[in-house]
Amino acid sequence: MNRKILWVVIGIVVILLLGFLVSQVGNVGIRRVSSDGKRTLEVSNPVVPGVATTVRWPVDMSRPNSEVSLTLKTAADNTVLGTSNLHTGSVTVVFPCTFEGTEGSITLVNTTTNELVSWTDIEILPPGQDCYLP
Amino acid sequence: MTGEVLLPNGLALGIIAFLLSLLPAGFFIYLWYLRNRDRTIPAWSIALAFVTGMFLVIPAFQIEDIAERLWQIISPSTAHFFAGPVLPLQGWVDVLLPAIGTFVVVATVEEGLRYIVMRVWLKYSALVDQVFDGLLLGLAVGLGFATLENTLYFLGLFREGSYDTLVFVFFLRFLISTLAHVSFAGLMGTLVTQGYFDFFRSRQYYVLAFFIPWFLHGLYDLLLGINFGLYAVILLIAPLAVFIYWTQRRDFSIIHRKDGKMLAVAEVPQTKEARAIEKVLKTFESPWNKQAPWLKQSRAYRKILEGITRDES
C-alpha cells in the first residue's frame, strides 16, 4: 500500500511539473489547428511607444485586395493604430504613449468583413524619450 | 547498384516523426498490457485497435476542416476563434467562442468517432468478455489516435520553421497529448463495455461513456487554447487517476461472455496455472486412467478386506 501511495505521489508531482513546463514554454497546442497558423505579423519586438514602427505581413496575391486595420489588443481595450491595404504588406504605426502594461497583441483585420487576417503577440517597453518631447 | 537512396525531405521527416511518436505509445502499451503474464485479449486485437485509432485521425481532421470552413462562411469575423482566441483575453467572448470550437466541433467529432467505433467493436467482438478488455481496447484506440496526431503536429511545426522550441514542445506534447487521449479513450472503453454487460443500467453507462470524455476533452482543449496550460494538465490528473484505479479493479476481470454468448451467471477468471492444473486433473480423473492411484487403492482395500474375512472365517 505504501508503495502504491508513493507511485501516486510521484505521478502527481510529474504531472504538475509537466503543467508548469507547459505554462512556461507555451505553444503546446493539443490540436492540429492552432491560432499560430495566422501568427504571421512581423514587428520588431519589444516595441517602444512613441516611436514609428513598421509592421509587416506576408502578401497573398490570390486574396482580393482590401483595406485592413492594425489594432493593438490588450487586456483592457483595443486601439486602432493605423490602416493600410492587404496587398501593401506593411504599415508604419506609432504605439500609444499612454499604454499601460507590458504585454498585448496586434491584430490585422479586414475592415470590410472584420475577418482576422494575421496577428502576433508583443511586449511593450516603457514610453521612450519620444513620448516626452514637445 | 550505384548511387545513394534518397528519400524526399517530407517523407524522411514523416518517418522520423512517426517512429518518435511510437515511443510513448509503446511505453504505455508495455505498462498496461505487454508486461502482464495473463493477457485477457490477444495482441493482434490490441494492434488492430491501435491501427483503427490511427485511421480515425483522417476523418476527424477532415470533418474539423469542413467545420472550420463552414464557420468561416457563416461568420468570417469570428472564424479565427475556432483555432483559439487571440491573447490576451478581454472578456467572456474570448472564452465562449473558442469553447464552441472545442466542445461543439473538436470534442464532438473526435470523441464521437471513437464512441461509434468502440460501441460497434465491443458489441460484436467475441474476444471481449471482460470489462478490462474494453479498457485495454479503449487505451489502444486512444494511443493510436495520439500517435498519428503527434506525427502530424511535429510535421506542421517543422514546416512552419519553429525550430527554436521544436524539441521541447515536441516532447512535452508527446507526453501530455498521449496521456490525455489515453485517459479519455480508456474511460470511454471501460464505460461502453460496462454498459454492454450491465443489462439494467446500460443506457446510463452509454450516456456517461460519451459525455464524460467529451466534456473533459472540450475543457482540456479550451484551457490549452486560452493559454491556461497548467490548469489543463491539472485537469488530466482526475481522469488519469480514475483510469489507473480501474486497471486495478478485480471486478473488471469477471467474465460475462463465453464464445460470443452472454453468460447467465458471470464467472471468475482462471489464472494460467489454474487452467493448467485443471487440464492435468481432467486427464488424472478420467475413467480411462488405468494408472489412477485410487484403482490400486481399491484393489489393495479389496485384498485387505478379503484377507480379514478369510481370517475370520
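1. The helices α2(B) and α3(B) cross in a right-handed manner, where right-handed means that the near helix is turned clockwise from the far one by less than a right angle. Both belong to a predicted model, in which local features need pLDDT of at least 70, side-chain atom pairs count only at pLDDT 80 or more, and totals for chains, interfaces and linings use all residues. Residues are numbered from 1 along each chain as its sequence is written, chains are lettered from A and ligands numbered from 1 in the order in which they are written, and side-chain values use heavy atoms, with hydrogens and water left out.

2. Two packed helices are described by the angle between their axes and the distance between the axes. Here α2 (residues 43-74) and α3 (residues 93-124) of chain B pack at about 145 degrees, with their axes 10 Å apart; the axes are lines fitted to C-alpha atoms over the stretch in contact, and angles run from 0 to 180 degrees between N-to-C directions. Helices (H or I, at least four residues) and strands (E, at least two) are DSSP runs, numbered from the N terminus.

3. Among the residues that make this contact (heavy atoms within 4.5 Å) are B:Leu48, B:Leu56 and B:Trp71 of α2(B), together with B:Ile100, B:Val109 and B:Trp121 of α3(B). The residues of the contact divide into 17 nonpolar, three polar and three charged, counting Ala, Val, Leu, Ile, Met, Phe, Trp, Tyr, Cys and Pro as nonpolar, Asp, Glu, Lys and Arg as charged, and the others, Gly among them, as polar.

4. Between the chains, 35 residues of chain A are in contact with 40 residues of chain B. A single salt bridge (a side-chain nitrogen of Lys or Arg within 4 Å of a carboxyl oxygen of Asp or Glu) is found across this interface, and the side chains of A:Lys73 and B:Asp94 meet in a salt bridge at 3.2 Å, N to O.

5. Over all chains, a search of the whole structure finds six salt bridges. The side chains of A:Arg63 and A:Glu115 meet in a salt bridge, also given as 3.2 Å, N to O. Because A:Arg63 lies in the loop between β1 and β2 of chain A and A:Glu115 in the loop between β5 and β6, the pair ties together parts that are 52 residues apart in sequence.

6. Most residues other than glycine have a negative phi, and most peptide bonds are trans. A cis peptide bond joins A:Asn45 and A:Pro46, with omega about 0 degrees, and A:Pro46 is found in the loop between α1 and β1 of chain A. A:Asn114, in the loop between β5 and β6 of chain A, has a positive phi near 60 degrees.
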